[in-house]
Amino acid sequence: MSANKDTVRKYIDGFNKSDHAQILSCLTEDIEWTVFGHFRLSGKEAYNEAIESPDFTGPPVLDIVRLVEEDDVVMAELSGEARRADGETMRMSMAEVFVMRDALITERRAFVIELTENDYK
């Protein structure tokens, strides 16, 4: 496995544990994070503050379906669940683009689709 894929796996594992130090160790100082339809932020400090949202409680459960790499970009297909602050579980399917520099994530672009009926809808 490549160093870039290893970093993405470590990063996802950190999210599953809400381990801020592990997550931040995978990022460049000038990290850019976009969740389309929701927010965009820059820098490790802003990233650290956004790791845990007040809309959710506890760590998510994220499963890597597949990772594909070309040059300095890793694309990840993920499935997951997160517990909302009101106690409801949000199921989701995600596509993530990780732009890498020196085996660290310098940009993350996330497409998150909430699933309310089944595994595709």
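Apart from neighbours within four places in sequence, Tyr11 is in contact with Ile23, Cys26, Leu27, Tyr47, Phe98, Ile105 and Arg108, contact meaning heavy atoms within 4.5 Å. The model is predicted, so that local features require pLDDT of at least 70 and side-chain atom pairs count only at pLDDT 80 or more, while totals for chains, interfaces and linings use all residues. Residues are numbered from 1 along each chain as its sequence is written, and side-chain values use heavy atoms, with hydrogens and water left out.

The largest nonpolar core has 27 residues, and Tyr11, Tyr47, Phe98 and Ile105 have the most contacts inside it. The elements that give two or more residues to this core are α1, α2, β1 (27-35), β3, β4, β5 and β6 (104-115), and β5 gives the most, with 5 residues. A nonpolar core is a set of buried Ala, Val, Leu, Ile, Met, Phe, Trp, Tyr and Cys residues joined through side-chain atoms within 4.5 Å. Residues are termed buried under 20% relative accessible area, exposed over 50% and partly exposed in between (1.4 Å probe, protein chains only). Helices (H or I, at least four residues) and strands (E, at least two) are DSSP runs, numbered from the N terminus.

Aromatic pairing was examined next. Rings of Phe, Tyr and Trp (its six-membered ring) pair if their centres lie within 6.5 Å; planes under 30 degrees apart count as stacked, over 60 as edge-to-face and the rest as tilted. By this rule there are 7 aromatic pairs. Tyr11 lies in helix α1 (residues 3-17) and Phe98 in strand β5 (residues 89-101), so the pair ties together parts that are 87 residues apart in sequence. Both Tyr11 and Phe98 are buried. Ring pairs link Tyr11, Phe15, Trp33, Phe39, Tyr47 and Phe98 into a cluster.

Arg108 lies over the face of Phe15, at 5.4 Å from the ring centre; a charge sits over a ring if NZ of Lys or CZ of Arg is within 6 Å of the ring centre and within 35 degrees of the ring normal. Arg108 also forms a salt bridge with Glu96, the closest N and O atoms being 2.5 Å apart. This pair links distant parts of the chain, with Arg108 in strand β6 and Glu96 in strand β5, 12 residues apart. Arg108 and Glu96 are both buried.

The whole structure contains 7 salt bridges, each defined by a side-chain nitrogen of Lys or Arg within 4 Å of a carboxyl oxygen of Asp or Glu. Among them is the one between Glu29 and Lys44 (3.5 Å, N to O). Glu29 lies in strand β1 and Lys44 in helix α3, so the pair ties together parts that are 15 residues apart in sequence. Glu29 is exposed, with a relative accessible area of 59%. A further salt bridge joins Asp30 to Arg101, with the closest N and O atoms 3.0 Å apart. Because Asp30 lies in strand β1 and Arg101 in strand β5, the pair ties together parts that are 71 residues apart in sequence. Asp30 is partly exposed at 39% relative accessibility, and Arg101 is partly exposed at 38%.

Thr34, in strand β1, is buried with a relative accessible area of 6%, and its side chain is joined to that of Arg40 by a polar contact of 2.9 Å. Gln22, in helix α2, is buried at 12%, and its side chain makes a polar contact of 2.9 Å with the side chain of Asp13.

Two loop residues other than glycine have positive phi values. Ser18, in the loop between α1 and α2 (20-24), has a phi of about 50° and is partly exposed, with a relative accessible area of 22%. Asp71, in the loop between β3 and β4 (73-84), has a phi near 50° and counts as exposed at 66% relative accessibility.

Methods. Polar contact = N/O pair within 3.5 Å; in protein donor to acceptor, adjacent residues only side chain to side chain.
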